[in-house]
Amino acid sequence: MRTLMAQPFTLHDVTRLRRAVAELARSCGLSGPRLHDFVLAVHESVVNVVEHAGGHGYFKLWTVNGVIRSETTDRGSGIPGGYVDADLKPVDLAQEGRGIYLIRRLCDMADFDTGPGGTTVLLTMRLPRTPHRATHRPMKRIRVTAGHHPFGRFTA
């Protein structure tokens, strides 16, 4: 297990936290739509804490066994039962209930542990088998010339 970040957060940290998650997930190999989906799901879990659970929580991000995971924890009064139901789709004009619905559909796995003492949201996304990391060195350029032989004897 490799912890990438662990910190408390409030409303003032939401944008910075989202950017950090995007960069760290990218460095682990997530890219394209899967990167955007994971970052949006994490953002929704953090914003839910700010809006519905007292405005502050704790966030942790780590990798283990080919996945990236985030855990968002709060000490609020818990999520009402109907919102945690995976099959509950909010009506088109609903003002609430979209965050959890999105979270469940954006990640490979989303677990909610909620009750009167608070909520923990655990999000999981599989990483590519061979992550494309910015730390890879660029290919070395070589000069290749062909001789004047009919079959193009090459020298490098």
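Analyst: Two strands are taken to pair if DSSP finds at least two bridges between them. In this predicted model, β2 and β3 pair in the antiparallel sense over seven bridges. Among the residues involved, Thr 63 has Ile 68 of β3 as its bridge partner.

This pair belongs to an open sheet of five strands, arranged in the order β1-β2-β3-β5-β4 with antiparallel pairing. β1 and β4 (109-115) stand at the edges with a single partner strand each, so one side of each is left without a neighbour in the sheet. On average, neighbouring strands are turned by 10° against each other, direction ignored.

Helices pack on this sheet. α2 lies across β1, β2, β3 and β5 (118-126), and runs at about 175° to β5. Helix α4, formed by residues 98-106, touches β4 and β5 as it packs on the sheet, and its direction makes about 145° with that of β4.

Val 14, Leu 17, Val 21, Ala 22 and Ala 25 are buried in α1. These residues lie on the same side of α1, because they cover an arc of only 135° around the axis. The buried residues of α1 pack against β1 (2-10), β2 (56-64) and β3 (67-74), as well as against α2 (32-52). Just after α1, Gly 29 takes a positive phi of about 115°.

Notes: Residues numbered from 1 in each chain as written. Predicted model: local features only at pLDDT ≥ 70, side-chain atom pairs only at ≥ 80, totals over all residues. Heavy atoms only, no water. Buried < 20%, exposed > 50% of the residue type's maximum accessible area, 1.4 Å probe, protein only. Helix = DSSP H or I, 4+ residues; strand = E, 2+ residues; numbered from the N terminus. Arc of directions from axis to C-beta. Contact = heavy atoms within 4.5 Å. Axes fitted to C-alpha atoms, helices over the stretch in contact; angles between N-to-C directions.
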